[in-house]
Amino acid sequence: MDSIWIRGKRPLYGEMTVQGSKNAVLPILASTILIAGKTTLRNCPDISDVDCMCRILQKIGATVTKTGHEICVDASGALQSRLPAEEVVRMRSSIVLTGALLGRLGQASFCDPGGCVIGDRPIDLHLKAFARFGCQTRREDDNF
């Protein structure tokens, strides 16, 4: 195991900017569709998964404006309950949108999420959670 040793017995000082976390911003972006209005997020990382989540939000009916590291989502309009397969297969965390759609619309339809290069990561825990909340699930031609 590698180690890092810091010596000096001197006080640390200075400033740095910490980039926003992908694992924090993706579920927060998903939750924006629970609000029939505008939500602004700041300090969002400029990475492909965030861009993919923004495209999904747009394709289901939200208006998304991205300026630098700030993202504004307006979900005041009508939303579709079907997540776009062409985006869902690119990103594993797209599954977090299903709970938000259930909360807002009472239903959600999606294909198996993809994007994971570390192996099979089933979504059964999400489906079990939906069932515990009284949702009914069914699979049709590899889609839910």
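Me: Hi! Which residues is S81 in contact with, leaving aside its neighbours within four places in sequence?
Reply: Those are L101, L105, Q107, A108 and S109, where contact means heavy atoms within 4.5 Å. This is a predicted model, so local features need pLDDT of at least 70, side-chain atom pairs count only at pLDDT 80 or more, and totals for chains, interfaces and linings use all residues. Residues are numbered from 1 along each chain as its sequence is written, and side-chain values use heavy atoms, without hydrogens and water.

Me: Is S81 buried or exposed?
Reply: S81 is buried, with a relative accessible area of 18%. Buried means under 20% relative accessible area, exposed over 50%, partly exposed in between (1.4 Å probe, protein chains only).

Me: And where is S81 placed?
Reply: In the loop between strand 3 and helix 3 (85-88). Helices (H or I, at least four residues) and strands (E, at least two) are DSSP runs, numbered from the N terminus.

Me: New topic: which residues touch the most other members of the largest nonpolar core?
Reply: L29, I33, L57, I71, L83 and L97, out of 32 residues. Such a core is a set of buried Ala, Val, Leu, Ile, Met, Phe, Trp, Tyr and Cys residues joined through side-chain atoms within 4.5 Å.

Me: Which helix gives the most to this core?
Reply: Helix 2, with 6 residues.

Me: How many bridges join strand 2 to strand 3?
Reply: There are 5, and strand 2 (residues 63-67) and strand 3 run antiparallel; pairing requires at least two bridges found by DSSP. V64 stands opposite V73 in strand 3.
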